[in-house]
Amino acid sequence: MTFQMRIDEERDEAREEGREEGLKEERRSGIRALIATMKELSVGQTQAVEQVMKRYSLSHEDAVAVVQTNW
């Protein structure tokens with residue numbers, strides 16, 4: 001493998017890692033926005049948990065944790 005090929009491979013890996021991290025952050029941001037909107041609309045935490053589970057395919061336990069953290 002040439003030096004340039006290694007550089008290209010490392011660059012591609014870094015880009016992929018950046019993309020993945022960006023998608024994760026976008027998902028976290030979306031979840032926080034959903035919770036904030038539901039809170040502003042005076043929706044209860046139970047309903048917020050249900051919506052987070054439904055829209056983001058989280059387990060009940062994970063949805064409860066994220067709602068409680070961001071409420």
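At 34% relative accessibility, arginine 28 counts as partly exposed, a term that lies between buried (under 20% relative accessible area) and exposed (over 50%), computed with a 1.4 Å probe on protein chains only. The model is a predicted one, in which local features need pLDDT of at least 70 and side-chain atom pairs count only at pLDDT 80 or more, while totals for chains, interfaces and linings use all residues. Residues are numbered from 1 along each chain as its sequence is written, and side-chain values use heavy atoms, with hydrogens and water left out.

Arginine 28 forms a salt bridge with glutamate 25, their closest N and O atoms being 2.9 Å apart; the term stands for a side-chain nitrogen of Lys or Arg within 4 Å of a carboxyl oxygen of Asp or Glu. Because the two residues are three residues apart in helix α1, about one helical turn separates glutamate 25 from arginine 28. Glutamate 25, itself partly exposed at a relative accessible area of 35%, also forms a salt bridge with arginine 32, with 3.0 Å between the closest N and O atoms. Salt bridges that share partners join Glu21, Glu25, Arg28 and Arg32 into one network. Elsewhere in helix α1, arginine 19 and glutamate 16 lie three residues apart and form a salt bridge at 3.3 Å between their closest N and O atoms. The whole structure holds five salt bridges.

Helices here are DSSP runs of H or I with at least four residues, strands are runs of E with at least two, and both are numbered from the N terminus. Just after α1, serine 42 takes a positive phi of about 60°.

The buried residues of α1 are Ile31, Leu34, Ile35 and Met38, and they pack against α2 and α3. Leaving aside neighbours within four places in sequence, valine 52 is in contact (heavy atoms within 4.5 Å) with residues including Ile31, Leu34, Ile35, Ala63 and Val67.
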